[in-house]
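Please study the sequence and the structure before working through each solution.

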Amino acid sequence: MGIEILNLDLLYILLLMGVGICAGFVNTVAFGGSLLTLPALVFVMEAIPGFSTGTQVTTIANGTNRIAIFFQNFSAILGFRSKGVSNFRHAISLTIPAVIGASIGAFIGTEIPDKAFKPILAIVMVSMLLLALFNPTELLQKKVNPSGTQHKVITAIALFFVGIYGGFIQAGVGLLVIATLRILDGGDLVITNAHKVFIIFFYTIIALGIFISKGQVNWVLGISLAMGNATGAWIGSNFAVKMGDKWIKVVLIIAVIGSVSKLLYDTLRVYGVV
């Protein structure tokens with residue numbers, strides 16, 4: 001029996017590492033990796049005998065996912081920097097409002113009970129579905145000229161609210177960051193992705209700290225997932241720099257299609273349609 005349980009736990013760890021590699025790559029090049037990791041964490045937690053008894057599984061999964069996000073984006077930053085793609089001074093100015101927002105969002109996330117979290121998640125999934133379907137980034141980017149103090153204030157406000165969302169739930173935040181940076185900050189997709197991982201890395205430090213303080217993190221599962229995420233992120237950052245805008249757009253299209261399908265399916269499940 002002990003050997004069977006050990007083997008079962010090893011299968012869970014390997015599953016999380018495999019999902020993490022895919023999620024780390026997708027998150028670094030595009031977005032939507034947490035749409036893979038959150039369901040995987042919930043599945044593993046509910047499958048482990050006795051784990052889900054008396055616990056808030058979805059809330060702990062939400063907190064545990066931040067460990068993987070932390071290591072994933074740290075790895076991605078190193079990957080972009082190794083290829084000479086980094087502008088830390090500008091990235092810091094973009095990060096500060098997102099960090100402030102994330103601290104608020106993470107606190108809200110730790111206080112939401114499972115019963116309330118599930119319908120909120122359904123609303124979020126529908127919203128992300130609509131945003132993914134009707135992505136206005138390319139159209140609006142052509143009409144916006146990033147310059148001036150007023151424009152910087154608007155960018156900061158937008159990133160503050162993106163930070164609130166990211167601190168609260170994380171899933172799909174990459175799309176919001178990419179859209180915000182492309183529309184308001186300008187720059188090609190390689191630079192945008194480098195700034196994206198920088199922003200998410202630093203606000204994740206705050207968000208993870210808040211979830212840890214509330215005891216809503218499982219370290220064993222989180223580190224297992226993080227090993228995969230970091231590996232996928234390193235591969236993704238090198239892919240992004242090497243292949244450039246054209247192939248990033250291909251991955252973005254695939255990510256949108258995959259995210260839309262997953263969000264639609266999960267939304268229908270929440271409401272008992274499937």
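**Exercise 1.** Determine which residues are in contact with Gln216, leaving aside its neighbours within four places in sequence.

*Solution.* Contact means heavy atoms within 4.5 Å. By this criterion, Gln216 touches Gln56, Thr59, Ile60, Gly63, Thr64, Thr110 and Phe211, its neighbours within four places in sequence being left aside. The model is predicted: local features need pLDDT of at least 70 and side-chain atom pairs pLDDT 80 or more, while totals for chains, interfaces and linings use all residues. Residues are numbered from 1 along each chain as its sequence is written, and side-chain values use heavy atoms, without hydrogens and water.

**Exercise 2.** Locate Gln216 and decide whether it is buried or exposed.

*Solution.* First, find the position: Gln216 lies in the loop between helix H9 (189–213) and helix H10 (219–270). Helices here are DSSP runs (H or I) of at least four residues, numbered from the N terminus. Next, consider the relative accessible area, computed with a 1.4 Å probe and protein chains only; buried means under 20%, exposed over 50%. Gln216 has a value of 8% and is therefore buried. Finally, the side chain of Gln216 reaches the backbone oxygen of Thr110 at 3.0 Å.

**Exercise 3.** State how H4 and H9 cross.

*Solution.* The axes, lines fitted to C-alpha atoms over the stretch in contact, of helix H4 (residues 88–111) and H9 come within 7 Å and cross at roughly 35°. By class, their contact has 17 nonpolar, six polar and no charged residues. Nonpolar covers Ala, Val, Leu, Ile, Met, Phe, Trp, Tyr, Cys and Pro; charged covers Asp, Glu, Lys and Arg; the others, including Gly, are polar.

Terms used: Helix = DSSP H or I, 4+ residues; strand = E, 2+ residues; numbered from the N terminus. Polar contact = N/O pair within 3.5 Å; in protein donor to acceptor, adjacent residues only side chain to side chain. Axes fitted to C-alpha atoms, helices over the stretch in contact; angles between N-to-C directions.
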